[in-house]
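Please read the following briefing alongside the sequence and the coordinates.

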Amino acid sequence: MIEAHGLTKWYGTVPAIQDVSFEIAKGEVVGFLGPNGAGKSTTIRILTCYMPPTAGSAKVDGLDCLENSLEVRRRIGYLPENVPLYNEMTVRRFLSFVAQVKGVPWKEVAREVDRVIDVCGLDGVRQRIIGNLSKGYRQRVGVAQALVGNPPVLILDEPTIGLDPTQILEIRKLIQDLRQDHTVLLSSHILPEVAQICQRVVIINKGRIVATDAPQTLTAQLQKSAKIHLTISGDGAGLAESLRRLDGVLNVVVEGTEPSRLIVEADRQSDLRPALARAAVQHGVDLLELKTVDLSLEEIFMHLVTEEPDEESAAAEVAQKANHREGVKS
Ligand SMILES: Nc1ncnc2c1ncn2[C@@H]1O[C@H](COP(=O)(O)OP(=O)(O)OP(=O)(O)O)[C@@H](O)[C@H]1O
């Protein structure tokens with residue numbers, strides 16, 4: 001439904017994104033994740049036809065963003081980071097206005113406005129002036145304007161930024177409900193949010209895609225060893241000694257004494273949990289808990305965005321910048 005192929009954008013001599021490629025299938029909810037300045041907004045601006053790429057191409061529903069810009073825009077509901085609302089209008093008036101601008105047939109405007117008001121839980125504030133609404137409700141109005149016309153694709157740029165915790169939960173719930181009928185690309189730098197809402201993440205750092213996968217798959221790829229936590233009553237030093245002698249155990253760290261937690265690092269080839277449980281029983285300790293601990297999305301993210309580039313790619317980047325400068329001069 002969304003295809004980005006080799007997207008590159010230079011702002012003067014600044015390479016905002018380079019060779020960005022990813023695809024999003026119909027009905028997927030994908031998180032677009034990256035630290036500040038990584039290139040999320042730039043990519044989104046290209047996908048929403050706000051500006052052209054310097055190189056590469058983007059398609060939405062099979063339509064090229066440059067050649068069929070109007071048709072592409074009809075298929076996208078866009079919630080920008082700073083939602084453009086008319087503060088002096090009522091919610092209902094504003095959404096009717098958006099429906100007209102989006103070309104909803106005149107006779108269907110009222111029904112369409114009622115539909116999005118209902119989906120976004122705006123019924124109680126439909127006659128309120130937008131400027132007097134709380135930030136959470138203003139954000140809902142932002143989502144509602146994106147939904148007007150029922151576009152198949154929703155692109156939401158930092159939809160929960162600046163909201164309080166209750167409002168964040170409400171907007172997340174709203175997005176989760178929308179995924180039944182829409183393909184959603186959600187940009188965020190809030191990791192738990194992406195982990196909760198999205199089936200897949202595209203991670204961008206310094207203008208380049210560094211990973212595209214389900215959070216669980218990324219964990220498996222990046223986690224070279226398995227981590228297993230055992231909680232036992234009493235001191236864990238003796239048991240730790242026994243565990244260290246087991247085949248496949250790479251390291252054991254003991255935390256606390258009563259109860260103790262043993263953090264076992266093991267190779268990923270085999271599931272060591274049964275052997276660890278048996279060892280605990282043979283050692284005569286009470287095993288209170290035994291669980292495998294995966295990397296959190298936050299750990300994956302930090303791993304990906306803090307990795308030093310290898311010398312070859314760093315050199316290639318310097319050369320590319322130099323070439324571009326030459327190109328700008330000539
Ligand atoms: N109009 C512009 N002129 C020059 N440089 C720009 C412009 N817009 C963005 N940049 C630069 O391009 C890079 C990518 O910016 P972009 O806004 O796409 O990142 P982002 O991931 O959306 O960041 P944030 O989360 O902070 O909004 C940054 O280095 C930024 O400073």
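Two strands are taken to pair if DSSP finds at least two bridges between them, and helices (H or I, at least four residues) and strands (E, at least two) are DSSP runs, numbered from the N terminus. This is a predicted model, in which local features need pLDDT of at least 70 and side-chain atom pairs count only at pLDDT 80 or more, while totals for chains, interfaces and linings use all residues. Residues are numbered from 1 along each chain as its sequence is written.

**The sheet**
- Four strands form an open sheet in the order β12-β13-β11-β14, and their pairing is antiparallel.
- Because β12 (249-255) and β14 (287-293) stand at the edges with a single partner strand each, one side of each is left without a neighbour in the sheet.
- Strand β11 (residues 225-232) runs antiparallel to β14 and is joined to it by six bridges, with Leu230 standing opposite Leu290 in β14.

**Helices across the sheet**
- Helix α9 (residues 237-244) lies across β11, β12 and β13 (260-267), where contact means C-beta atoms, placed from the backbone, within 7 Å.
- Helix α10 (residues 273-282) lies across β11, β13 and β14.

**The ligand shell**
- The residues around the ligand, including Tyr11, Lys40 and His189, are those whose C-beta atom, placed from the backbone, lies within 6 Å of it.
- Both β2 (14-24) and α1 (40-47) give two or more residues to this shell, and the largest share, three residues, comes from α1.

Technical notes:
Contact = placed C-beta atoms within 7 Å. Axes fitted to C-alpha atoms, helices over the stretch in contact; angles between N-to-C directions.
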